[in-house]
Amino acid sequence: MSRKPRSRSIYAYPDFWTFGPEETPSDTIIMTLDEYEAIRLIDKEGKTQEECAVLMNVARTTVTNIYDSARRKIADAIVEGKRLEFKGGAYQISRGSELTIDKKGSNIMRVAVTYEDGQVFQHFGHTEQFKVYDIQDGNVINSQVIDTNGQGHGALAGFLSMAEVDTLICGGIGMGAQRALAEAGVKLYGGVQGNADDAVNALISGNLDFDPDARCDHHGEGHSCGGHGEGHSCGGHGEGHSCGHHE
């Protein structure tokens with residue numbers, strides 16, 4: 001039986017998750033997030049393989065293997081006209097070690113809200129604060145406002161993962177951010193407006209007004225960040241998940 005590979009440290013989730021030719025691609029190639037990180041560090045940031053190994057917390061020979069695999073996938077995608085998609089891999093997010101939020105206890109559901117002056121902030125990728133709520137047995141037992149220490153939806157999704165957040169409530173959110181949250185295992189309720197505390201209470205009671213198709217394009221062209229959703233039961237988290245009891 002092959003041994004499970006050691007988790008490689010990556011700084012954050014990508015901001016962009018797919019690339020492809022203008023023509024219909026012949027196939028899709030999956031590049032893992034640790035392969036993506038090796039390309040980012042060596043080819044984008046100009047790090048040596050030794051430096052990359054330190055940052056990813058693996059041996060130099062492991063970096064060589066990851067990097068060579070990633071370069072072959074890029075070449076295959078370019079030459080053969082294939083779609084390149086980033087997904088999965090043996091990794092852990094390294095950014096966020098400076099977080100001051102407490103570890104989440106057992107049987108706790110942790111909900112984060114994009115936050116500004118008590119309201120749900122309407123642009124996920126630019127949120128400077130999250131308000132984080134710990135919920136147990138249908139009640140908020142603790143809440144805390146935390147700074148994001150940066151912007152960019154890939155980094156923010158990684159930030160939520162490091163903070164052990166289960167669910168995000170926000171206004172507008174782009175597709176790249178949605179992909180990052182899905183990779184992080186964070187349930188999304190987008191298109192929400194109004195008071196942040198009220199939104200969390202509505203989530204707990206199963207009456208949150210949200211938009212499952214919420215989009216936010218910061219380059220304009222008719223984006224909508226408002227809520228047009230319908231009441232959604234908290235049981236919609238699926239897989240035995242309820243707002244009062246998270247396992």
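Student: A crossing of two helices is right-handed if the near helix is turned clockwise from the far one by less than a right angle, and left-handed if the turn is anticlockwise. Is the crossing of H4 and H5 right-handed or left-handed?

Tutor: The crossing of H4 and H5 is right-handed. Please keep in mind that this is a predicted model.

Student: At what angle do the axes of H4 and H5 cross?

Tutor: Helix H4 covers residues 153–162 and helix H5 covers residues 175–184; their axes cross at roughly 25° and come within 9 Å. Angles under 35 degrees count as roughly parallel, and H4 and H5 are therefore roughly parallel to each other.

Student: Which residues of H4 and H5 meet?

Tutor: From H4, the residues are His153, Ala157, Leu160 and Ser161, and they meet Gly176, Ala177, Ala180, Leu181 and Ala184 in H5. In this contact of H4 with H5, six residues are nonpolar, three are polar and none is charged.

Student: Let us step back. How many helices and strands does the protein chain have?

Tutor: There are six helices and 13 strands in the protein chain. Of its 247 residues, 46% are buried.

Student: And what share of the contacts with a separation of 6 or more joins residues 24 or more positions apart?

Tutor: Such residues account for 66% of those contacts in the protein chain.

Student: On to H1 and H2, then. At what angle do they pack?

Tutor: Helix H1, residues 33–44, packs against helix H2, residues 49–56, at an angle of about 135°, and the two axes are 10 Å apart. An angle of 65 to 115 degrees would count as roughly perpendicular and one over 145 as roughly antiparallel; H1 and H2 are therefore oblique to each other. Their crossing is right-handed.

Student: Which residues do H1 and H2 bring to that contact?

Tutor: H1 brings Asp34, Glu37, Ala38, Leu41 and Ile42, while H2 brings Gln49, Cys52, Leu55 and Met56. The contact of H1 with H2 has six nonpolar residues, one polar and two charged.

Student: H2 also packs with H3. How are H2 and H3 oriented to each other, and why?

Tutor: The axes of H2 and helix H3, residues 60–80, cross at roughly 100° and come within 8 Å. H2 and H3 are therefore roughly perpendicular to each other.

Student: Which residues of H2 meet H3?

Tutor: They are Gln49, Glu50, Cys52, Ala53 and Met56, and their partners in H3 are Arg60, Val63, Thr64, Ile66 and Tyr67. The residues of this contact of H2 with H3 divide into six nonpolar, two polar and two charged.

Student: What about Ile74: where does it lie?

Tutor: Ile74 lies in helix H3. With a relative accessible area of 25%, Ile74 is partly exposed.

Student: Which residues is Ile74 in contact with, beyond its neighbours within four places in sequence?

Tutor: Ile74 is then in contact with Met31, Ile39 and Leu84. Met31 and Ile74 are 43 residues apart along the chain, and their C-alpha atoms are separated by 8.6 Å.

Student: I would like to look at H6 now. Which residues of H6 are buried?

Tutor: Helix H6 spans residues 196–205, and its buried residues are Ala196, Ala199, Val200, Ala202, Leu203 and Ile204.

Student: What caps the N-terminal end of H6?

Tutor: Asn195 caps that end of H6, with a side-chain oxygen 2.9 Å from the backbone nitrogen of Asp197. H6 is followed by Gly206, whose phi is positive, near 85°.

Student: What is phi for Asp117?

Tutor: Phi of Asp117 is near 50°, a positive value in a residue other than glycine. Asp117 is in the loop between strand S6 (109–116) and strand S7 (119–120). At 72% relative accessibility, Asp117 counts as exposed.

Student: And what is phi for Glu164?

Tutor: For Glu164, also a residue other than glycine, phi is positive and near 60°. Glu164 is in the loop between H4 and strand S10 (167–169), and is partly exposed, with a relative accessible area of 24%.

Student: Last topic: is Gln122 buried or exposed?

Tutor: Gln122 is found in the loop between S7 and strand S8 (129–136). Its relative accessible area is 19%, and buried means under 20%, so Gln122 is buried.

Student: Which backbone oxygen does the side chain of Gln122 reach?

Tutor: The side chain of Gln122 reaches that of Val120, at 2.9 Å.

How values were computed:
Residues are numbered from 1 along each chain as its sequence is written. This is a predicted model: local features need pLDDT of at least 70, side-chain atom pairs count only at pLDDT 80 or more; totals for chains, interfaces and linings use all residues. Side-chain values use heavy atoms; hydrogens and water are left out. Axes are lines fitted to C-alpha atoms, for helices over the stretch in contact, and angles run from 0 to 180 degrees between N-to-C directions. Helices (H or I, at least four residues) and strands (E, at least two) are DSSP runs, numbered from the N terminus. Contact means heavy atoms within 4.5 Å. Ala, Val, Leu, Ile, Met, Phe, Trp, Tyr, Cys and Pro count as nonpolar, Asp, Glu, Lys and Arg as charged, and the others, Gly among them, as polar. Buried means under 20% relative accessible area, exposed over 50%, partly exposed in between (1.4 Å probe, protein chains only). A polar contact is a pair of N or O atoms within 3.5 Å; within protein, one must be able to donate a hydrogen and the other to accept it, and residues adjacent in sequence count only if both atoms are side-chain atoms.
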